[in-house]
Amino acid sequence: MLTVAPPDAAEARCNATFEALMWSMARPGDVRELPEAGMAPIVEALIDRECVAYADSPDLSRQIVDTGAVLGDPATADHLFLDRLEGASDALAAIRCGSALYPDGGATLVAQVAHGSGQRLRLSGPGIDGARDMALALPAEFWAMREQLCAYPEGFDLLLVDGRSVIGIPRSTQIEVL
């Protein structure tokens, strides 16, 4: 009989992180808890040697390289990790949004964003019962840029991290700035 060893601490952390990310994308606007604060556990759970990733932080860039992934620029990256969205308009303007034929070619933007303060938003679409109101501390021009770049099914997915909390907003979510 084959015996399977229980997961070690690193594998359990990756599994818990991945599960939180999946649920955050399935239920846009819901706050999910990560096992550890910051974007490092997300890099560990999402990135592998088949990915191209971009990070604006030297620490995250080193961690990405440690996964075996290739560091790229925002135009080629599958995943973009940004500590700050302020001043990141060049990276955001270059983000991959897929195509009508291959919408899954859109990137995932993972960014540090304070939850519960800043711009008030109303989210609607798949995974949301009616509408969900929330506040996120994003630059005022972010949603206009997203709307300009994305024509569903094209677009990019968002994972917004605040400490140990993450909120997912898939490309299918409609955003109304209140």
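1. Let's start at the cap of a helix. Ser 57 caps the N-terminal end of H3, with a side-chain oxygen lying 3.3 Å from the backbone nitrogen of Asp 59. Keep in mind that this is a predicted model.

2. Now for H3 itself, which covers residues 58-66 and has Leu 60, Ser 61 and Ile 64 buried. These three sit on the same side of H3, because they cover an arc of only 105 degrees around the axis.

3. What do the buried residues of H3 pack against? Their partners are helix H2 (40-46) and the strands E2 (52-55), E3 (70-71) and E4 (79-82). On the face turned away from the buried side you'll find Pro 58, Asp 59 and Asp 66, which are exposed. Just after H3, Gly 68 takes a positive phi of about 95 degrees.

4. Next, have a look at the hairpin formed by E6 and E7, with six residues between them. The two strands run antiparallel and are joined by seven bridges. Arg 122 stands opposite Asp 133 in E7, and in the turn Gly 125 has a positive phi of about 130 degrees.

5. Finally, the aromatics: the structure holds two aromatic pairs. Phe 142 and Trp 143 have ring centres 4.9 Å apart and planes at 85 degrees, so this pair is edge-to-face. For Phe 142 and Phe 156 the centres are 6.4 Å apart and the planes at 75 degrees, so that pair is edge-to-face too. It links distant parts of the chain, with Phe 142 in helix H5 and Phe 156 in the loop between H5 and strand E8.

Technical notes:
Residues numbered from 1 in each chain as written. Predicted model: local features only at pLDDT ≥ 70, side-chain atom pairs only at ≥ 80, totals over all residues. Heavy atoms only, no water. Buried < 20%, exposed > 50% of the residue type's maximum accessible area, 1.4 Å probe, protein only. Helix = DSSP H or I, 4+ residues; strand = E, 2+ residues; numbered from the N terminus. Arc of directions from axis to C-beta. Contact = heavy atoms within 4.5 Å. Polar contact = N/O pair within 3.5 Å; in protein donor to acceptor, adjacent residues only side chain to side chain. Pairing = 2+ DSSP bridges. Phe/Tyr/Trp six-rings, centres within 6.5 Å; stacked < 30°, edge-to-face > 60°.
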